[in-house]
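The entries below are in the order in which I looked things up.

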Amino acid sequence: MRVGNHLRKSPQFIGFVSEPQQPCVPIVLHRRSYESIEDIGVNELVEWRPDSSMLVVATSGGHLLLYNLGVQTDQKGLYEQVDSPHANLRRDSAELFIKEVIPSLHLALDKEVGVEGGITSMVCIRDELMLATTRGHILRYRWDGSENRDYCLDLRRVPFCIDQQVSKAIPIVEANTYVVDIEYSPLVGGFAIVLNDGRAAFLTASSLRFDPNQVQGIWAQNIEDATCASVNHKYRLIAFGRKNSQGVVYCIDESTGGLEVSHHIVLSSKDYPGSPGSVLGIRWTPDGCAMAIAWANGGLSLWSTFGALLMCTLGWDYGLHVDLNNCNPLHVYSMEWSAEGYQLWMVRRQPDHDPGGESGSTIDTVVQLDFVKSALTVNPCEDRLFVNLGDNLMKVYHERPRDQLSTRFNSEDVFRDISSLSVTNTLVGSKQWIVVPIPSAYSGTNWPIRLANALVVLSSTAEDGEIEYTAIDSDGQNIAVAGRTGLAHYSLLTRKWKLFGNETQEKDFVVTGGLLWWRDYVVMGCYSIVENKDEIRIYPRDSRLDNAFMKVTRVPTQVLLLNMLRDRLITFCANGQVSVYSLSLQENHSQVEVTELQSVDISALCVHPACVVSVMLTALRTETGRHASKEVESIMLNVSGKLLMVQREQHRPINHHEDNYDDEYQSYTCSPPIVLASCVENVWVPRKSRREKPHLTEALWLFCGAHGMRVWLPLFPRDGDKSHSFMSKRIMLPFQLRIYPLAILFEDAILLGAENDTMLYTSDSNSPFSLPFCVLERTVLEEEATSKEPIPDALLPSVIEFIKEFPVYQQTVVQCARKTEIALWPYLFSAAGKPKDLFQECLAKKHLDTAASYLIILQNLEPSSISRQYATLLLDAALEQCKWDLSKDLVRFLRAIDPNDVESPRASFILPSKYGVSAQTPPVSPNEEDLSLVLGTMQVSRGRSFSTTTTPKVQQIEAGPNSVPAHHREVLRSNSGAGESSKSVPLRRKKSVPTGRTDT
């Protein structure tokens, strides 16, 4: 699952599903024959070729199955949607169309290769496969099925030691020792392996060719019970799972080359007091910002890069009937992240409770868990939005000068200045998020939209899709998003999106290095597909999204990161160059001027450009040089978790006066880098110092995972004391957090973050899951039951069938009934089923509270003897389950029944003439049943009786165009605003053209 299409593997077949679709849809399936399974075994392992053109499957019998994967160009895309010729059956909106073309794939077996010894693990290294066998070998195979014997490894010939400085290394001499798990990372420079005896090591070599004569093993010290391994590429970390349910993460010691413990993965007693078993699997997210761990006894947890616990399913509420110690409902056997890290695909293994199945058999199911990512994972620009929920006040802090504020904010009652700080106070009615749906015209063809910058959470849903880059301006009024191609931006004031009017221009570039706002302009690093060049593009906010209004600056290689401080733009490119630009407006404010001030090569500070996590400019400095200006910003780099500061010095030309000093004559140099901290995940630096609060506005905030939060506060020396260095002028204050920090308000030292929480959706009548269904059902019920005209295409049966697919069906029906008039109940239960049957279903499922609600229905629709009988059954069940409060209520209910009403029959309701039934009386036929009814010899009903469990099969009449209210068919098909779901407002159907596109 390392490409856009997901791979599903089972012991008998492999298949592909299309990830860009929500929900995922199957594409192709290849099923092996039973003869092949008996001959070479079942499927166990699978690996992709780097170009996704092939995949290999390892079987339990020690064979490799090489498959070719290609696109069938002679066929159209799958799942082609054709609209109905009938107007009433056509799709109402363009969002209901799949805009993405799902290709038709061809999967065919290419070769079958036998391997000596059982295959325990395999990994792809460049264009070859590394196979670990039970004979202690690590074999090397090409994708054509041939073995590269010259580069195969034998563990008995590989020297092992504790670091690379030890002159004497000893190979493995124990018999029957082999590798059970192997992971490769080119950025770490080797393989992480786990042996069958519980030892763990790291295999490295002087070159990435891994010549057997150059390979050396480095032991992971103090670990003898390892079970699995995983490698983090960006942060250059190696994680090992252990049998004691813990994990340990190592990093490479640059001085000795050995493995040094970075942090431990340990569940505290508050998170889970017991032991969930040995670690079954570890998987890092593609961006290396989180790690998922699954245990053998069940359960899943999610940790940040340096060990902060983000989520643990062992603390979830699964209900009273679930024993987590003996049978965890989330027993993960295998897992893998999606290409963007928004979904975790898991294979859940559960025991088979089928009486006809074999003893001890299990059932494997595929589970997908969705996540919301922080904006700082890929687009680590500064956050500018702070939400104060204490006083129902939303504050937006920005540091732009008064003359740089947007022209639409000139009213004094909107902004007020506090020195150079502008604060916007907007009263909000309730404590809730502002949800901005992404228009389907953009997200339908530009999925995924990967992450959010600043304090805006956009989750990946079927309606919105996912966003690659999102940025919010300093005013908090404009949001820009970028997907697979192009971009779009939204105004919170006008509530409108701006898209490219020319869709070709939108498809011609890809945002690669981030997205941010500068004044009223959107700045991004992108790649031009048409010109095959990398660029920095700037689009104005107030103009149309069109290339005619953009500002383009060429860069030599791909932009990986960019950030902004005041009018300075800093970029980091794939060639290891950090460039600083000056942004300014021309005199007529018609164009943006971009001037490159300095370019610094930092390739010596990082192993690979992908290891640079973030780059930013800051006003924090060590000390000021003789000819340096205090206004020169320093460069802050996060390289694989190590925070580096590179101080820049600005030199004044000799023959230029200060008044004529301009950017054109500036000269910059850089001092040697200083390591400020390690194990750093996120960094927050102030944008500007304030004299009122110098300690807070000149503080450096660091989040270091399990090591907690660190704040570097300045210690200002007394007047005349200039002898202190940078480290001696600051003090570090560490403290622990229970939340994951996302933004910081420096002036008030307030952290804004997020934490994980879960809610159990049960069959309780108070479950919030049944509320929207109840509103939907009641709206349709009141609309149809009070209609004076026949309804040929009633919606209530369809709504009932839809709600039946959910476990809250019984309580939804009873909630709807108790909130409507009694006169409408016969019409409701004619489609929902008999109240007695629904009561018995609740009793069988032990939903006693819901069953008690049905007693009120039975008391009004059935004779008192029926109510008394069912109340007695419910009382017995309540006493058996020790529900004393419910038992007391039932006793009072039984005592309230009048004994004189038990034998008296209750008048029945007349079912309204709905579903298009003719109002005329059917002709009477003199049969035996009718005569018996007249004579009183038989208790039979008169005329045709309707079933209360299924939709009546009656002949419908041809209704004219005016026989049905025009708004009836629009009850479920109209999109209403918030708070209007319970109103029956006639709405006209609005047809949308799927390919329509406007530029608003």
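This is a predicted model: local features need pLDDT of at least 70, side-chain atom pairs count only at pLDDT 80 or more; totals for chains, interfaces and linings use all residues.

I looked up the strand order and found three strands forming an open sheet, E26-E27-E28, with antiparallel pairing. Strand E26 (332-337) and strand E28 (362-370) stand at the edges, and since each has a single partner strand, one side of each is left without a neighbour in the sheet.

Entry two, one pairing in detail. I went through the link between E26 and strand E27 (residues 343-351), which run antiparallel and are joined by five bridges. Looking for the partner of Glu336, I found Trp345 in E27.

I then turned to helix H10 (residues 848-861) and helix H11 (residues 864-880), whose axes come within 10 Å and cross at roughly 165°. Angles over 145 degrees count as roughly antiparallel, so I recorded H10 as roughly antiparallel to H11. The crossing of the two helices is left-handed.

I listed the residues that make this contact: H10 contributes Leu848, Ala851, Ala852, Leu855, Leu858 and Gln859, while H11 contributes Ser867, Tyr870, Ala871, Leu874, Ala877 and Ala878. Sorted by class, the contact of H10 with H11 holds ten nonpolar residues, two polar ones and no charged ones.

Methods:
Residues are numbered from 1 along each chain as its sequence is written. Side-chain values use heavy atoms; hydrogens and water are left out. Two strands pair if DSSP finds at least two bridges between them. Helices (H or I, at least four residues) and strands (E, at least two) are DSSP runs, numbered from the N terminus. Axes are lines fitted to C-alpha atoms, for helices over the stretch in contact, and angles run from 0 to 180 degrees between N-to-C directions. Angles under 35 degrees count as roughly parallel, over 145 as roughly antiparallel, 65 to 115 as roughly perpendicular and the rest as oblique. A crossing is left-handed if the near helix is turned anticlockwise from the far one by less than a right angle, and right-handed if clockwise. Contact means heavy atoms within 4.5 Å. Ala, Val, Leu, Ile, Met, Phe, Trp, Tyr, Cys and Pro count as nonpolar, Asp, Glu, Lys and Arg as charged, and the others, Gly among them, as polar.
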